[in-house]
Amino acid sequence: MSYSFDIIGVAPVIEFFQHQQQIEISPRRSRAFLGSYHCTLDGFIEATEMVHRRPNWNWDAVINAIVAFWLEYGDHVHRWKAELEHADSDSVVVARVANVAWLRDEFETLFEN
């Protein structure tokens with residue numbers, strides 16, 4: 001399976017938590033959201049353990065996708081790190097991890113309807 005990772009923003013903890021709970025309803029969801037108080041590689045790797053209802057994914061491959069993003073997109077990481085530093089103290093930096101095959105299936109069903 002192939003996975004993608006992207007940092008998508010900074011949000012207050014409560015908003016992140018509420019959004020994450022809505023997404024986690026489906027065990028076959030195509031994506032999961034990670035939140036970290038620190039915009040660091042270790043912070044996001046640790047956040048994978050906090051996904052409440054973990055889908056049946058290859059989590060080692062997810063971590064590899066996170067590391068690959070960190071190595072390739074250092075400029076994005078620095079930008080979000082600066083955004084987090086300027087945000088309220090109760091904010092987290094938010095990232096999205098997607099199972100590419102499941103996401104593709106989800107999009108294809110949109111076109112079928």
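Contact here means heavy atoms within 4.5 Å. With that in hand, welcome to a short tour of this predicted model.

**Overall build**

The protein has five helices and three strands, and from the N terminus on its elements run β-α-β-α-α-α-β-α. Its radius of gyration is 14 Å, close to the 13 Å that the globule rule gives for 113 residues, so the protein is as compact as a globular protein of that length. Of contacts between residues at least 6 apart in sequence, 81% join residues at least 24 apart. Some whole-chain values are gathered here.

| Property of the protein | Value |
|---|---|
| Span of the C-alpha trace along the principal axes | about 45 × 30 × 25 Å |
| Buried share of the 113 residues | 37% |
| Accessible surface | about 7100 Å² |
| Share of that surface belonging to carbon and sulfur atoms | 53% |

In soluble globular proteins, nonpolar side chains tend to be buried together. In this model, the largest nonpolar core holds 23 residues, and those with the most contacts inside it are Phe5, Ile7, Leu34, Cys39, Phe44 and Trp70. Two or more residues of this core come from each of β1, β2, α2 (41-47), α3 (59-72), α4 (74-86) and β3. Helix α3 gives the largest share, seven residues.

Leaving aside residues up to four places away in sequence, Leu34 touches Phe5, Phe16, Phe44, Ala47, Thr48, Val51, Ile66, Val93, Val94, Ala95 and Val97. There is also a second, separate core of six residues, including Ala11, Phe33, Val92 and Val94.

Why does Gln20 count as buried? Buried means under 20% relative accessible area, and Gln20 has a relative accessibility of 10%, so Gln20 qualifies. Not counting residues up to four places away in sequence, Gln20 touches Phe33, Met50 and Val51. Two of these names have come up already: Phe33 belongs to the second core, and Val51 is among the residues that Leu34 touches.

Methods. Residues are numbered from 1 along each chain as its sequence is written. This is a predicted model: local features need pLDDT of at least 70, side-chain atom pairs count only at pLDDT 80 or more; totals for chains, interfaces and linings use all residues. Side-chain values use heavy atoms; hydrogens and water are left out. Buried means under 20% relative accessible area, exposed over 50%, partly exposed in between (1.4 Å probe, protein chains only). A nonpolar core is a set of buried Ala, Val, Leu, Ile, Met, Phe, Trp, Tyr and Cys residues joined through side-chain atoms within 4.5 Å. Helices (H or I, at least four residues) and strands (E, at least two) are DSSP runs, numbered from the N terminus. The radius of gyration is taken over C-alpha atoms; the globule rule is 2.2 Å times the number of residues to the power 0.38. Accessible areas come from the Shrake-Rupley method with a 1.4 Å probe; for residues, only the protein chains shown count as cover.
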